[in-house]
Amino acid sequence: MSLLLTTTDPKRILLAQKIFDRQFAEDPRLDKEMDDHRRQQMFQDILYNFSFLSTSVSLQDGKIFASYAVWLYELLCNIMKDLDRDRIMTMMVDHYRILGNFTRELFSEEEANLAERYLDHAIEETRRAMGDYPVSKRFSEGKHVTLRKEYLDALMRSDTMHALALIRDAEKSDIPLEEIYEDVLMEVMHEVGELWHKNVITIDKEHYCTSTTQMVFSTFYPRIFGTPKNGRRIVTCSVGSELHEMGGRMVSDLFEYHGWDSIYLGAAVPAFALIHAMEEHKPEIVALSVTMPQHLEVCRDLVFALREAFPDLCIAVGGRAFETSDQIYAKWPISHYSVVATDLLTWVESGMNR
């Protein structure tokens, strides 16, 4: 974390200690996040921040410190992998704000005013950098790319209210529910998974994104469950010990929205329970969703068990895990494979032919 800088200036060392103590006093989370090694480095970095800010003020060039602030932020994100980008951003913004309260102990009155402006600019640039993370080509293509990025940025900032507001506004602007589900929320959650795999975000951030998006889904339920029913029935579930149940939830919601009675069994449904559900609910179709490739084998076993128990049952599979395979589903006795729920719905309503 540190960019080692030694100084013998007792005034700066004392000031660094004041800023260090103030930040820990204002942010109790630092006690758990910073071990002794990190604390030592943090103190040294405060001195280094003084140096860059002094250079920027002396040359009257605010870009010097702002560029340094963005570079330091990205460096810390790369080193402190146990913390999320938004958490590190908050730490840095808090530090610059606290440093701004002590500028008159570092500079003359005129220089202090300049330093405060440069610190404000560094805060703006650090906040901007928080959202400047790499996204996949897939995420950057499609009809609602701007809304996707805004929603993902809100999740990265842990700004739940803004995330909700974005989707509510999208609904009010008459974007079809199917597009909100599949072109926005599904693609964002796919990207969240990619960011976690690339170690850009931590597992707790991934869980936050998932729970927030599930809450977003729930805001559509009065509309979804208020549609007239057509008497048709579907059972959906996620496979094996699968905890990524959003794909199955989307299938269930969109079928319900189109008039079906959907029975969503959730995640980690064992074979005997799934077969019992078929006997109890007698659906026209069962849809199995798999997100993680390690659960494909379980899905295969479920498909064969269902086909043996119900030879005429319409069995559909889907989910991101299949995209990592060489069309493994083609070797199974399924009725249909779909990338998205609307494709499955279109196929079903056009006449299911296995």
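Predicted model: local features only at pLDDT ≥ 70, side-chain atom pairs only at ≥ 80, totals over all residues.

Visitor: Understood. How many helices and strands does the chain have?
Guide: The chain contains 15 helices and 5 strands.

Visitor: And is it spread out or compact?
Guide: The chain is more spread out than a compact globule, because its radius of gyration is 26 Å, well over the 20 Å that the globule rule gives for 354 residues. Its C-alpha trace spans about 85 × 40 × 35 Å along the principal axes.

Visitor: What share of the residues is buried?
Guide: Buried residues make up 52% of the 354 residues. The accessible surface of the chain is about 16,700 Å², and carbon and sulfur atoms hold 53% of that area.

Visitor: Let us turn to the helices. At what angle do α3 and α6 pack?
Guide: Helix α3, residues 36-58, and helix α6, residues 109-130, pack at about 115 degrees, and their axes are 10 Å apart. The crossing of α3 past α6 is right-handed.

Visitor: Which residues meet there?
Guide: From α3, the residues are L53, S56 and V57; in α6 they meet E111, L114, A115, Y118 and L119. By class, this contact has 6 nonpolar, 1 polar and 1 charged residues.

Visitor: Now a single residue. Where is T213?
Guide: T213 is in helix α10, which covers residues 203-219.

Visitor: Why does T213 count as buried?
Guide: T213 has a relative accessible area of 0%, and buried means under 20%.

Visitor: What does T213 touch?
Guide: Apart from neighbours within four places in sequence, T213 is in contact with Y151, L155, L185, M189 and M246.

Visitor: One more topic: what is the phi of Q60?
Guide: Phi of Q60 is near 55 degrees, a positive value in a residue other than glycine. Most residues other than glycine have a negative phi.

Visitor: Where does Q60 lie, and is Q60 buried or exposed?
Guide: Q60 is in the loop between α3 and α4. With 61% relative accessibility, Q60 counts as exposed.

Visitor: What about S158; what is its phi?
Guide: S158 has a positive phi of about 55 degrees, although it is not a glycine. S158 lies in the loop between α7 and α8, and at 33% relative accessibility S158 counts as partly exposed.

Technical notes: Residues numbered from 1 in each chain as written. Heavy atoms only, no water. Axes fitted to C-alpha atoms, helices over the stretch in contact; angles between N-to-C directions. Helix = DSSP H or I, 4+ residues; strand = E, 2+ residues; numbered from the N terminus. Left-handed = near helix turned anticlockwise from the far one by under 90°. Contact = heavy atoms within 4.5 Å. Nonpolar A, V, L, I, M, F, W, Y, C, P; charged D, E, K, R; others polar. Rg over C-alpha atoms; globule rule 2.2 N^0.38 Å. Buried < 20%, exposed > 50% of the residue type's maximum accessible area, 1.4 Å probe, protein only. Areas by Shrake-Rupley, 256 points an atom, 1.4 Å probe, with all protein chains shown as cover.
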